[in-house]
Amino acid sequence: MKFKVSLVDEGHLLLTRSDTYNNFTDNNQLEELMKLAKIVVVVYDKGHVLKLKSF
């Protein structure tokens, strides 16, 4: 754990699978963030999807 608190804005854009275009090679960005901080606060808009792959 490196941080006490991590704040993520635009949480609806977090990746749930590997995406080499975005330089993410793990399976779930939220899980990876949770490994780095004791508390993770995610702000998201469930009605805001920018790309099909964001579903």
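## Overall layout

Helices are DSSP runs of H or I with at least four residues, strands are DSSP runs of E with at least two, and both are numbered from the N terminus. On that basis E31 belongs to helix α1. The model described here is predicted.

Strand β1 covers residues 3-8 and helix α1 covers 29-36, with a loop between them. Strand β2 covers residues 37-42.

The chain has 55 residues, of which 15% count as buried. The exposed surface comes to about 4,800 Å², and carbon and sulfur atoms supply 55% of that area. Among contacts with a separation of 6 or more, 62% are between residues 24 or more positions apart.

S6 is part of strand β1. Its relative accessible area is 16%, and S6 is therefore buried, the limit being under 20%. Residues up to four places away in sequence aside, S6 touches A37, I39, V40 and V41.

V41, one of the residues touched by S6, sits in strand β2. V41 has a relative accessible area of 38% and is therefore partly exposed. V41 also belongs to a nonpolar surface patch together with V5, L7, I39 and V43. The area of this patch is about 440 Å², and strands β1 and β2 each supply at least two of its residues.

## The loop between β1 and α1

H12 is one of the residues placed in it. With a relative accessibility of 15%, H12 counts as buried because the limit is under 20%. A polar atom of the H12 side chain lies 3.4 Å from the backbone nitrogen of D45.

L15 is also in the loop between β1 and α1. L15 has a relative accessible area of 15% and is therefore buried. When neighbours within four places in sequence are set aside, L15 is in contact with N22, F24, N28 and Q29. The C-alpha atoms of L15 and D26 are 9.2 Å apart, the two residues being eleven positions apart in sequence.

E10, in the loop between β1 and α1, is not a glycine but has a positive phi near 60°. At a relative accessible area of 35%, E10 is partly exposed. N23 lies in the loop between β1 and α1 as well, and its phi is also positive, about 60°, although N23 is not a glycine. N23 is exposed, with a relative accessible area of 70%.

## Helix α1

What does a search of the whole structure find in the way of salt bridges? The search finds one. The partners are the side chains of E32 and K35, with an N to O distance of 3.1 Å. E32 and K35 are three residues apart in helix α1, so about one helical turn separates them.

Are E32 and K35 buried, partly exposed or exposed? E32 has a relative accessible area of 22% and is partly exposed, because it falls between the 20% and 50% limits. K35 is exposed, with a relative accessible area of 55%, which is over the 50% limit.

E31 is another residue of helix α1. With a relative accessible area of 48%, E31 is partly exposed. The C-alpha atom of E31 is 9.1 Å from that of T16, a residue 15 positions away along the chain.

Conventions:
Residues are numbered from 1 along each chain as its sequence is written. This is a predicted model: local features need pLDDT of at least 70, side-chain atom pairs count only at pLDDT 80 or more; totals for chains, interfaces and linings use all residues. Side-chain values use heavy atoms; hydrogens and water are left out. Buried means under 20% relative accessible area, exposed over 50%, partly exposed in between (1.4 Å probe, protein chains only). A polar contact is a pair of N or O atoms within 3.5 Å; within protein, one must be able to donate a hydrogen and the other to accept it, and residues adjacent in sequence count only if both atoms are side-chain atoms. Patches are made of residues with over 30% relative accessible area and no salt bridge: like charges are joined within 9 Å, nonpolar side chains (Val, Leu, Ile, Met, Phe, Trp, Tyr) within 5 Å. Accessible areas come from the Shrake-Rupley method with a 1.4 Å probe; for residues, only the protein chains shown count as cover. A salt bridge is a side-chain nitrogen of Lys or Arg within 4 Å of a carboxyl oxygen of Asp or Glu. Contact means heavy atoms within 4.5 Å.
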